[in-house]
Amino acid sequence: MSSLHPSATGQEATAERLEPTGTTERSGGDGPSRRRRVAGRVTTALACLLVLFALVAPNDFTRFTPAMFVRIPLEGLLVAALAIVLRGRPRPLRAVAIVAGVLLGLLAMLKILDIGFYEALNRPFHPVFDWPFLGAGAEFLGTTAGRAAGIAAIVVTVLIAVGVLGLMTLAVLRLLRIVGRHTAVAVPGVAVLGVAWVACAALGAQLVPGTPLAADAAGRLMQVPADLRDHSTFAAQLRAYDRFQHTPPGQLLGGLRGKDVILSFVESYGRVAVNDPGVAATLATGDSGLRAAGFAARSAFLTSPTFGGGSWLAHGTLLSGLWTDNQQRYDSLVHSDRFTLTKAFRTAGWRTVAVMPGNTKPWSEAAFYGDQHVYDHWNMGYRGPGFNWGTPPDQYTLSAFQRFERAAPHHAPVMAEMPLVTSHSPWAPTPKMVGWSEVGDGSIYGPMAKAGDQPADVWRSPARVRAAYMRTIQYSLTTLFTYMETYGGDDMVLVYLGDHQPAPIVSGPHAGHDVPVTIIARDPAVLARISGWGWQDGVRPGPAAPVWRMDTFRDRFLTAFGGR
């Protein structure tokens, strides 16, 4: 107290020290000073927690445990040592704090993005080529929750980014000043922890399996050089010789000559779905109905390059035969002359169309893929309400394709790429099946959209989300099966597959990337062509079904159905 009251006599100071704690408020200075000390300690503790988060916190919510924070951050020790060296020199110390604070702020934002990407896509964020996902997410939110929500999400994101950078810089500056003022404790502390870090790194010590006690936060940033190198790696793959591109038209797809072929991506149809009892029952019913109509099926699994979203990456991978697992690769792909599966059909004499019910803008990739015509949201003749994020039900999509392309008795063989999007999140509302002759212009779906569950109802709990997802998968599969039973024939072949697994809220944490794939045909000669593939009978692949990488499908398909 004497330092706060320099005019006090020794007796007064002694008396003050002997007073009970509660009576010091009468001095008029002790209360506010104590509150300032408490506030300072709280601020310091918060600064420590903020810096600790940036340095040692995991980038995946499923790994958040107290043990994950009991680690020694190398970068923290290095900056603390620098603060000791620069003690008494405020300007250099401030410069170090600003640089370290900005870098730690960027690292913290990267971890926040990682957490979000793990929750949605089951993988970390890639700083080099994942920025388009943020725009796509804002656009999706604006479509499903309203334009105001989309704008609000962007504003909040910017404010969080600015706030993290500012607060992290202030936190580092505060901690470095404390280290500089208390070198008697800081020097041995940093020395001991430094030796401990070296020992833990040398021994590979771990408190949590797979996570070293010797933390190295900067290692996360090493993904950036790898991502930059990926561009040249993929460019070399695009330049490589492609034997199918030089195959004469008469030797392409001879095993499917005269057949209409639908290649359908069922949105979010992953391995997790085939294990659900409701979906399994739908598959069993569909299998029975197809067999009764004279069809046979073979099924397996493909490993998708994406998870929880980014459907176009799966489309590009399957159709091009090149592993397209990021936006940088996809952009390079669609600006190349790569020979796609669609181009193979077009070269061999098929009419090629893309049926894209979710596209509300011109599809610039049509020329790359080789589509002669694109049916999108605006030219499909739909007059009903929007489902999910404003799309028509899958049954209408298939009905419109039948009407526009296959209704003529002697139409030219057509090959259609057709994403079915009813099973796209948010998985509500879900339409119901109607008679195929009743689909019309889609007006019949009006009451269903109003009566069905809305996204706000579904997203109250993970259990509701999972149940809604499974219902949409059942709907999409039923649509495909009954379409084949109603309109299929000897001249019809259906290839359908999932584009990726659903988000972790449905699939669970760290689920695999496998999606089911099935080929259905009535002509026995079609399935005879793939007898060597080892695929299982029926529309439900079992646990022991073959698993291929999705980029291998194009070459195997063209090989199996090549020749005459």
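**Charges over rings**

I began with arginine 522. It lies over the face of phenylalanine 295, at 4.6 Å from the ring centre. I kept in mind that this is a predicted model. I then looked up arginine 549. The charged end of arginine 549 sits over the ring of tryptophan 323, 4.1 Å from its centre.

**Rings with rings**

I went on to the aromatic pairs. How many does a search of the whole structure find? I noted 23 aromatic pairs. Some ring pairs link into a cluster, and I wrote down its members: Phe345, Trp350, Trp533, Trp535, Trp548, Phe553, Phe557 and Phe561. A pair of aromatic rings is described by the distance of the centres and the angle of the planes.

**Strand 7**

I turned to strand 7, residues 351-355. Is it largely enclosed or open? I found 4 of its 5 residues buried, so strand 7 is largely enclosed by the rest of the structure.

Which strands does strand 7 pair with? One is strand 9, residues 414-420, and the pairing is parallel over 4 bridges.

Next I looked for empty space. Rolling a probe the size of a water molecule over the atoms shows where such space is left. I picked the second largest pocket, with a volume of about 870 Å³. I recorded 34 residues in its lining, and the closest to its centre are Val51, Leu55, Gly76, Leu77 and Ala80. Several elements give two or more residues to the lining: helix 2 (30-56), strand 1 (72-73), helix 3 (74-85), helix 4 (90-121), helix 6 (147-181) and helix 7 (183-203).

Which helix gives the most to this lining? I found that helix 4 does, with 7 residues. I also sorted the lining by residue type: 29 nonpolar, 3 polar and 2 charged.

**Alanine 456**

My last entry is on alanine 456. I placed it in helix 17, residues 455-458. Is alanine 456 buried or exposed? Its relative accessible area is 61%, and the cut-off for exposed is over 50%, so alanine 456 counts as exposed. I also compared its position with that of proline 73.

Note on methods. Residues numbered from 1 in each chain as written. Predicted model: local features only at pLDDT ≥ 70, side-chain atom pairs only at ≥ 80, totals over all residues. Heavy atoms only, no water. Phe/Tyr/Trp six-rings, centres within 6.5 Å; stacked < 30°, edge-to-face > 60°. Lys NZ or Arg CZ within 6 Å of the ring centre and 35° of its normal. Buried < 20%, exposed > 50% of the residue type's maximum accessible area, 1.4 Å probe, protein only. 1 Å grid on protein atoms, 1.4 Å probe; cavity = no way out; pocket = protein on both sides within 12 Å on 5 of 7 lines; lining within 4 Å. Points joined across faces, edges and corners; volume = space filled by probe spheres on them. Nonpolar A, V, L, I, M, F, W, Y, C, P; charged D, E, K, R; others polar. Pairing = 2+ DSSP bridges.
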